[in-house]
Amino acid sequence: MARKIVLILVLTCLCIGLAAADWNILNPIWNINARQDSLKNYCESWRINVELNNIREFDVVPQECVAHIKKYMTSSQYDADCQRAIEEVTLYLSRCCSLKGDGKDAWIFDVDDTLISTIPYFKKHGFGGEKVNSSSLEAWMEESKAPALDHTFKLFHDIKDRGMKIFLVSLRKETLRSPTVDNLINVGYHGWSRLFLRGFEDEYMHVEQYKSQVRKTLMDQGYRIWGIVGDQWSSLKGLPEAKRTFKLPNSIYYMS
């Protein structure tokens, strides 16, 4: 009798152990799913903190997050996030600006990943998982094949039609002026007042310093800068400030 009781207890413990195995952190199936969920959460948190400017000056996207960033930057969610930002610009424009009609009301746009997209390049070059090769990227820019970003394309022409002067401020080198202008015109941009590109003397400046200097130049000429749209915090920060700034998402690279 005692032996039967012991045997029953052993079998009972074994069954409980097997039933509980699904919840064991060492269970391979459970662990794979947990890792996948954890990695997704980690990568989305990393992306969000890039957008919040909490994560700065990174050279590359973490290798384990490259696929996540690629999926986001080529998704309908990225398009929706950009569109929402543009809707906020439009709302601001509807009530912000008492234009004086003296030719001094101005708006600033970034170029890359604001008006035109570098995603076709990064699709072939690691999608942020590789350190940016400036020579390779500039060679691609010389081809003038960057597509327009639809959301900012419409906004660009809306702002121009309101009578504001549009200034384009880019980190591209002065040597890329001709292919940059060709690219912008080919995809439908026209009518901007000036395109600022980096001369040799600007190449060793921090991005924020360079773009702040451009704003100072414009303000010293009497321009009222009602707003800036860009994909990098360094395009929006620094003194003197525009009246409003609007950031578009970009988790592929960081320009400081």
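Which residue's side chain does Lys247 meet in a salt bridge? I looked this up in a predicted model. The partner is Glu51, and the N to O distance is 2.6 Å.

**Entry 1**

I checked where the two residues sit.

**Entry 2: the search for salt bridges**

I noted the general point before going on. Side chains of opposite charge can pair when their charged atoms come close. Over the whole structure, the search finds 11 salt bridges. I followed up some of them below.

**Entry 3: Glu88 and Arg84**

I found a salt bridge between the side chains of Glu88 and Arg84, at 3.2 Å from N to O. Both residues are in helix α4, which covers residues 76-96. They are 4 residues apart, about one turn of the helix. Is Arg84 buried or exposed? Arg84 has a relative accessibility of 51%, so it counts as exposed. Glu88 has 33%, so it counts as partly exposed.

**Entry 4: Arg224 and Asp102**

I looked next at Arg224 and Asp102, whose side chains meet in a salt bridge of 2.6 Å, N to O. This pair links distant parts of the chain, 122 residues apart. Arg224 is in strand β4, and Asp102 is in the loop between α4 and β1 (105-109). Arg224 has a relative accessible area of 19%, and buried means under 20%, so Arg224 is buried. Asp102 is partly exposed, with 42%. I also noted a network of salt bridges that links Asp102, Asp105 and Arg224.

**Entry 5: backbone angles**

I turned to the backbone. Most residues other than glycine have a negative phi, and most peptide bonds are trans. I wrote down the exceptions I looked up.

Asn53 is not a glycine, yet its phi is positive, about 70°. I located Asn53 in the loop between α2 (28-51) and α3 (66-73). Asn53 is buried, with a relative accessible area of 6%.

Phe127 is not a glycine either, and its phi is positive at about 50°. I located Phe127 in the loop between α5 (119-123) and α6 (134-141). Phe127 is buried, with a relative accessible area of 1%.

Which form does the peptide bond from Leu239 to Pro240 take, cis or trans? I found that this bond is cis, with omega near 0°. Pro240 is in the loop between β4 (224-230) and β5 (245-247).

Conventions. Residues numbered from 1 in each chain as written. Predicted model: local features only at pLDDT ≥ 70, side-chain atom pairs only at ≥ 80, totals over all residues. Heavy atoms only, no water. Helix = DSSP H or I, 4+ residues; strand = E, 2+ residues; numbered from the N terminus. Buried < 20%, exposed > 50% of the residue type's maximum accessible area, 1.4 Å probe, protein only. Salt bridge = Lys/Arg side-chain N within 4 Å of Asp/Glu carboxyl O.
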